[in-house]
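This report covers charged pairs, helices and aromatic contacts in one protein model. The text is meant to be read next to the coordinates.

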Amino acid sequence: MTHSFARNALVLGLLAAIGPFAIDMYLPALPSLAADLHATTASAQMTLMAFFAGFGVTQIIYGPVSDMVGRKPPLYFGLAVFILGAIGCGLAPSIEWLIGLRFLQGIGAASVMVIPRAVIRDLHTGVEATRLMSLVMLVFSVSPILAPLTGSALIVPFGWRAVFVAVTIAALLGMVLTGLVLPETRPPAERIASDLRMVLSSYWRLLGDRHFLGLTFIGALGMASFFTFLASSSFIYIDHFGLTPTLYSLAFSINAIGFIGASQFSAHLGKRFGMGRVILGAVSAYAAMAAMLFIVVLSGIDRLSVLIAMLFMTFAFLGLVIPSSMVLSLERHGPIAGMASALGGTLQMATGATMIVVASIFFNGTALPMVTIIALCAAGAFVLARLTLSEREVAAPAE
């Protein structure tokens, strides 16, 4: 592995982790945040949904802008907006203010999700792109593993507002890394003209691309099942099963480790069997595990150890699906990689935000609504994989 390959993976991973860091770190605080601001569980969950809404909607702007002006200027802008939002969240006097400021923070965080994916496509395609995407996800995975633990370590002595001080520091670090270490991968010669009609026509072409949409929504439904877990798990683990915020963070980390650990095998398996075959096999196993989890919970088995173990297996298979489907969806769209990444990210975040709303509507204090939504997302991803992937993609190993 070359020095620049590892360096790019580290910087892109740390940048991509900033948004999830702002989500995962305050998950243990949701119950105490709701109590402190005299808010309902649904209102507290709306702070998460507002972040995802801002995160998703503005990706479609960052993508084409980064194709036009280069990858780094939109990163600086997004990180600055994120920092303003974080400072505001730390000072929020009510749940309504917090929801609004989380939306602003999400607008900033969108830049560090969409642009690193476009940078990967600028640098690599095929198995090498999957390898870099998997390494980025390994660095990025520091967030779901360590962020809840860091959050609970801050929340217990200092209260939930301390979380936003920490994410402000993380964003400032991201800005320094962007300036000093990250190369500009979109040189002036490769930038496209800033024509709104061309941008809209490119998005229209992508929306008509069945292969792109199918792969995007395979990833979207997979991510939506994980977002449902994000929105519901703290209330289930802390309020229903009686865990402390620190024990919840450890339990959450176990599920995240399954997702991240498996993702590291995606490039190796893609090289050996072909990315199409890896996606289909992993989606099939993910759907089967999610269906088994639903049946177990529906039958009345309400044990935390069973829930954690089965979620670990479900999300481990999902970890093979996400990087492979992201890379394959961008494979045919190099000249407009920023736009393709942005549209894919927007559709995925919109799907995730919708599922968070559904989860908050049906939440009843138990795990059943959460695992039902996870099972439905997994079944949808399986159907899409069967419809989207051609026989050639499923049969042919990667070159």
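Asp67 and Arg71 form a salt bridge in which the closest N and O atoms are 2.8 Å apart. The model is predicted, and 2 salt bridges are found in the structure. Asp67 also meets Arg186 in a salt bridge, with an N to O distance of 3.8 Å. Because Asp67 lies in helix H4 and Arg186 in the loop between helix H10 (162–180) and H11, this pair ties together parts that are 119 residues apart in sequence. Through shared partners, the salt bridges join Asp67, Arg71 and Arg186 into one network.

| Residue | Relative accessibility | Class |
|---|---|---|
| Asp67 | 0% | buried |
| Arg71 | 0% | buried |
| Arg186 | 3% | buried |

**Helix H4**

Asp67 is one of several buried residues in H4; the others are Gln59, Tyr62, Gly63, Pro64, Ser66 and Met68. Their cover includes helix H3 (41–57), helix H5 (72–91), helix H6 (95–109), helix H7 (111–123), helix H11 (196–207) and H17. Ile60 is also found in H4, which runs over residues 59–69. Together with Ile61, Val65 and Val69, Ile60 makes a nonpolar surface patch of about 280 Å². After H4 comes Gly70, which has a positive phi near 105°.

H17, one of the elements covering the buried residues of H4, comprises residues 337–362.

Thr216 belongs to helix H12 and counts as buried at 2% relative accessibility. Apart from neighbours within four places in sequence, the contacts of Thr216 are Ser329, Gly344, Leu347 and Gln348.

**Aromatic pairs**

A pair of aromatic rings is described by the distance of the centres and the angle of the planes. With centres within 6.5 Å as the criterion, the count is 13 aromatic pairs. In one of them, the ring centres of Phe229 and Phe315 are 5.5 Å apart and the planes are at 55°, so this pair is tilted. Phe229 sits in helix H12 (residues 210–240) and Phe315 in helix H16 (residues 304–330), so the pair ties together parts 86 residues apart in sequence. Phe229 and Phe315 are both buried.

The rings of Tyr248 and Phe252 have centres 6.0 Å apart and planes at 50°, so that pair is tilted too. Tyr248 and Phe252 both lie in helix H13 (residues 245–263); because they are 4 residues apart, about one helical turn separates them. Both Tyr248 and Phe252 are buried.

Which residues form one aromatic cluster? Its members are Phe226, Phe229, Tyr237, Tyr248, Phe252, Phe259 and Phe315.

Methods:
Residues numbered from 1 in each chain as written. Predicted model: local features only at pLDDT ≥ 70, side-chain atom pairs only at ≥ 80, totals over all residues. Heavy atoms only, no water. Helix = DSSP H or I, 4+ residues; strand = E, 2+ residues; numbered from the N terminus. Expected span 1.5 Å × (residues − 1). Phe/Tyr/Trp six-rings, centres within 6.5 Å; stacked < 30°, edge-to-face > 60°. Buried < 20%, exposed > 50% of the residue type's maximum accessible area, 1.4 Å probe, protein only. Patch = residues over 30% accessible without salt bridge, like charges linked within 9 Å, V, L, I, M, F, W, Y side chains within 5 Å. Areas by Shrake-Rupley, 256 points an atom, 1.4 Å probe, with all protein chains shown as cover. Salt bridge = Lys/Arg side-chain N within 4 Å of Asp/Glu carboxyl O. Contact = heavy atoms within 4.5 Å.
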